[in-house]
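Trainee: Could we go through this model together? I would like to understand what lies behind each label.

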Amino acid sequence: MPTRGFAGDEMSKDVATALVAWGNAWLTGHVGLDEAVDAVEKSAGPQILGGAPVEVPLRRGLGDLRVGGMTGFRLALPEAGDPLGLTGPPDFNRAAIEAGAGVVAVLGNRATGLVPAEDRRGSSYVGVRWAVWNASAGLPDVPSLADADRQLTLAMREATEALLTVDDVSGPPPEIAGALVDLRDPDRGDHPLAPGYPQRAHRVAALAGRLSLVVDLARRMDDRGLTADQMFRRGEALRLLDRAVRRALVAACNSAFDPVP
């Protein structure tokens with residue numbers, strides 16, 4: 001029962017991030033269920049859990065999981081060769097890797113995996129269907145928020161240097177240069193998290209979101225005029241930056257239950 005990401009993997013990542021962030025805000029008592037569901041559905045339209053013949057609206061599905069003992073959500077942003085946030089079993093891992101994102105609902109010593117896919121019905125209805133999988137409740141190998149913050153800062157510096165120097169003639173396109181300048185503005189207020197998260201998590205998630213845009217824009221850059229060495233340097237910088245961005249978002253979203261320092 002494979003699933004596929006929709007509108008590119010970025011939409012899968014965005015909706016999974018929203019579900020984890022607002023779901024954890026609800027579970028920690030910072031928002032109500034209605035507010036959490038409204039925020040999640042604002043990101044990608046109406047959403048359901050499961051599939052025919054058993055499917056329920058997101059609001060009811062979350063309520064059912066809570067009654068079943070759910071205590072938290074964890075984000076997974078895997079890709080081939082890097083199952084970030086996943087602990088199995090293989091069928092759930094494969095589905096999440098194909099979609100580019102997954103969510104693990106922790107229920108004591110067991111877990112439920114959720115994988116998003118586009119849900120189209122007729123000519124106008126577009127929403128999200130969360131396929132439900134058995135998942136392992138084991139702890140994934142993901143960095144702490146502090147480690148992810150440091151790794152992201154280092155990757156940002158290296159990638160910025162590579163992107164600004166890779167084309168010695170024309171420099172980066174204006175949209176890339178503008179996105180890099182935006183990284184220096186700490187007061188933009190754009191973040192994907194919800195109430196109740198540590199301030200550091202909000203900052204890390206905001207920076208990761210902006211860097212994700214840089215990665216997306218840079219990957220669309222024209223390779224004409226670049227040497228093989230320049231193309232390699234740019235590709236390697238973007239690979240490392242994308243890896244750091246995914247780890248930062250996972251660490252930020254999963255920090256809802258971290259002890260307050």
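Trainee: Why are helix 2 and helix 3 called oblique to each other?

Mentor: Helix 2 (residues 33-44) and helix 3 (residues 58-67) pack at an angle of about 130 degrees, their axes 10 Å apart. Angles under 35 degrees count as roughly parallel, over 145 as roughly antiparallel, 65 to 115 as roughly perpendicular, and the rest as oblique. Helix 2 and helix 3 are therefore oblique. The axes are lines fitted to C-alpha atoms, for helices over the stretch in contact, and angles run from 0 to 180 degrees between N-to-C directions.

Trainee: Which residues make the contact between helix 2 and helix 3?

Mentor: Helix 2 brings L33, D34, V37, D38, V40 and E41, while helix 3 brings L58, R59 and L62. Contact means heavy atoms within 4.5 Å. By class, the contact of helix 2 with helix 3 has 5 nonpolar, no polar and 4 charged residues (Ala, Val, Leu, Ile, Met, Phe, Trp, Tyr, Cys and Pro count as nonpolar, Asp, Glu, Lys and Arg as charged, and the others, Gly among them, as polar).

Trainee: Before we go on, what kind of model is this?

Mentor: A predicted one, in which local features need pLDDT of at least 70 and side-chain atom pairs count only at pLDDT 80 or more, while totals for chains, interfaces and linings use all residues. Residues are numbered from 1 along each chain as its sequence is written, and side-chain values use heavy atoms, with hydrogens and water left out.

Trainee: What makes helix 7 and helix 8 roughly antiparallel?

Mentor: The axes of helix 7 (residues 199-218) and helix 8 come within 9 Å and cross at roughly 150 degrees. With that angle, helix 7 and helix 8 are therefore roughly antiparallel. Their crossing is left-handed. On the helix 7 side, the contact includes A201, L211 and S212; on the helix 8 side, R234, D242 and V245 are among the residues. The classes there come to 13 nonpolar, 1 polar and 2 charged.

Trainee: Why is S212 called buried?

Mentor: Buried means under 20% relative accessible area, exposed over 50%, and partly exposed in between (1.4 Å probe, protein chains only). S212 has 17%, so S212 is buried. Leaving aside neighbours within four places in sequence, S212 is in contact with E10 and V245.

Trainee: And why does E10 count as partly exposed?

Mentor: E10 has a relative accessibility of 33%, so E10 counts as partly exposed. This residue is in helix 1 (residues 9-27). The C-alpha atoms of E10 and A101 are 8.9 Å apart, although 91 residues separate the two along the chain.

Trainee: Which residues touch the most other members of the largest nonpolar core?

Mentor: W130 and L152 do, in a core of 60 residues. A nonpolar core is a set of buried Ala, Val, Leu, Ile, Met, Phe, Trp, Tyr and Cys residues joined through side-chain atoms within 4.5 Å. Helix 8 (residues 228-253) gives the most to this core, with 10 residues. A second, separate core of 13 residues includes A76, L86, A99 and W133.

Trainee: How many helices and strands does the protein chain have?

Mentor: There are 8 helices and 6 strands, taken as DSSP runs numbered from the N terminus (H or I, at least four residues, for helices; E, at least two, for strands).

Methods:
A crossing is left-handed if the near helix is turned anticlockwise from the far one by less than a right angle, and right-handed if clockwise.
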